[in-house]
Structures are given as structure tokens and as C-alpha cells.
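This briefing is meant for a reader who is coming to the structure for the first time. Please look over the sequence and the model below before turning to the notes that follow.

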Amino acid sequence: MPTWIQRVLSAFFGAGSGGSGDDALWFYVKCRTCGEIIPVRVNPASDLVQEFEDAGDMVSGYSLHKEVMGRGGRPGRPCFRLLQLDADFDKGRQLLDVRVDGGEVVDQAAYASQQQESADAQPPE
Ligand SMILES: [Zn+2]
């Protein structure tokens, strides 16, 4: 890996600092087929791919692609659809755009409330 790339990675991602993992991003992806909300952990240091400007060496931003598999759907709605999460970031790693093939991105609150519903749906011991 060329030195300048290591410098860039270092600047943006703190590479070499031991990788605490505190930089993780979370997306919450809702499957359009069954409605299950799947948390997706993104490690910027390994999951973001550098995009370069046409001219060559300058990083213009980052892109992300993840395949997202749920845990088998929701109660009464078995589903094993594979979702495709794609996102674009600027060179400061600010999220610009996110798309899900087969679903949509929802917020953490929606995920939490679905977890609560699932818990409520369990029969009492
Ligand atoms: Zn599904």
C-alpha cells in the first residue's frame, strides 16, 4: 500500500491507533418483504471504499456496500431475503445518500420499538 494512502487512512480512520471499534456506524434496514428491521454494523475502517476524483489521486469520497441478511423474518412471516445496502459518503465521511435494494433505512427508534413488540409477543413463562 503506497505511503500516501496510509497517511489518508490514518487521517480519516485513525488506522494504527489500535482500532478500538468506537467508530462503528449503525444502519437499521427494514425488509420490504416481511417488515423485519435488521441492525447493520459498519466499520468505516474496513467497510468504506475510497472513491477517487477523475483526475487521479484525490479521494473524492467513500462508498459502502453491504449484503444484509435478516434473522429469518418476523413471527408468522418467515423470510430469508438478502437485502443490498449502498451508501455514499463525502471525503469527511459524512453520509450523503443511502439506498436499500429490497427495503428501506429506518431510524434506531423504529428498531427499538420493533424489539419491544417482539418481546411483548413472547408468551409469558
Ligand atoms: Zn424479510
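This is a predicted model: local features need pLDDT of at least 70, side-chain atom pairs count only at pLDDT 80 or more; totals for chains, interfaces and linings use all residues.

Along the chain, the donors of the zinc ion follow the spacing C-x2-C-x44-C. C31 lies in strand β1, which covers residues 25–31, while C79 lies in the loop between β6 (77–78) and β7 (82–90), so the pair ties together parts that are 48 residues apart in sequence.

**The zinc site**

- The protein donors of the zinc ion are the SG atoms of C31, C34 and C79, and these lie 2.2 to 2.3 Å from the ion.
- C31 has a relative accessibility of 4%, and because buried means under 20%, C31 counts as buried.
- C79 has a relative accessible area of 11%, and by the same cut-off of 20% C79 is buried as well.

**The cavity**

- A search of the whole structure finds one cavity of 30 Å³ or more, and the volume of the largest cavity is about 40 Å³.
- The lining of the largest cavity is made up of C31, E36, I38, G70, C79, F80, R81 and L83, so that two of the zinc donors, C31 and C79, are also found among the lining residues.
- Sorted by class, this lining has five nonpolar residues, one polar residue and two charged residues.

**Q114 and its surroundings**

- Q114 has its place in helix α3, which covers residues 108–121, and with a relative accessible area of 7% Q114 is buried.
- A polar atom of the side chain of Q114 lies 2.9 Å from the backbone oxygen of G35.
- When its neighbours within four places in sequence are left aside, Q114 is in contact with G35, E36, I37 and R74, and of these residues E36 is one that also lines the largest cavity.

**The chain as a whole**

- The protein chain has three helices and nine strands, and when it is read along the sequence these follow the pattern α-β-β-α-β-β-β-β-β-β-β-α.
- The protein chain has 125 residues, of which 32% count as buried, and C31, C79 and Q114 are examples of buried residues.
- Among contacts in the protein chain between residues at least 6 apart in sequence, 49% join residues that are at least 24 apart.

Terms used: Residues are numbered from 1 along each chain as its sequence is written. Side-chain values use heavy atoms; hydrogens and water are left out. On a 1 Å grid over the protein atoms alone, a cavity is a set of points where a 1.4 Å probe fits but cannot get out, and a pocket is an open set with protein on both sides within 12 Å along at least five of seven lines; lining residues have an atom within 4 Å of a point. Grid points are joined across faces, edges and corners, and a volume is the space filled by probe spheres set on the points. Ala, Val, Leu, Ile, Met, Phe, Trp, Tyr, Cys and Pro count as nonpolar, Asp, Glu, Lys and Arg as charged, and the others, Gly among them, as polar. Donors are N, O and S atoms within 2.8 Å of the metal (3.2 Å for Na, K and Ca); water is not among the atoms, so sites may look incomplete. Helices (H or I, at least four residues) and strands (E, at least two) are DSSP runs, numbered from the N terminus. Buried means under 20% relative accessible area, exposed over 50%, partly exposed in between (1.4 Å probe, protein chains only). A polar contact is a pair of N or O atoms within 3.5 Å; within protein, one must be able to donate a hydrogen and the other to accept it, and residues adjacent in sequence count only if both atoms are side-chain atoms. Contact means heavy atoms within 4.5 Å.
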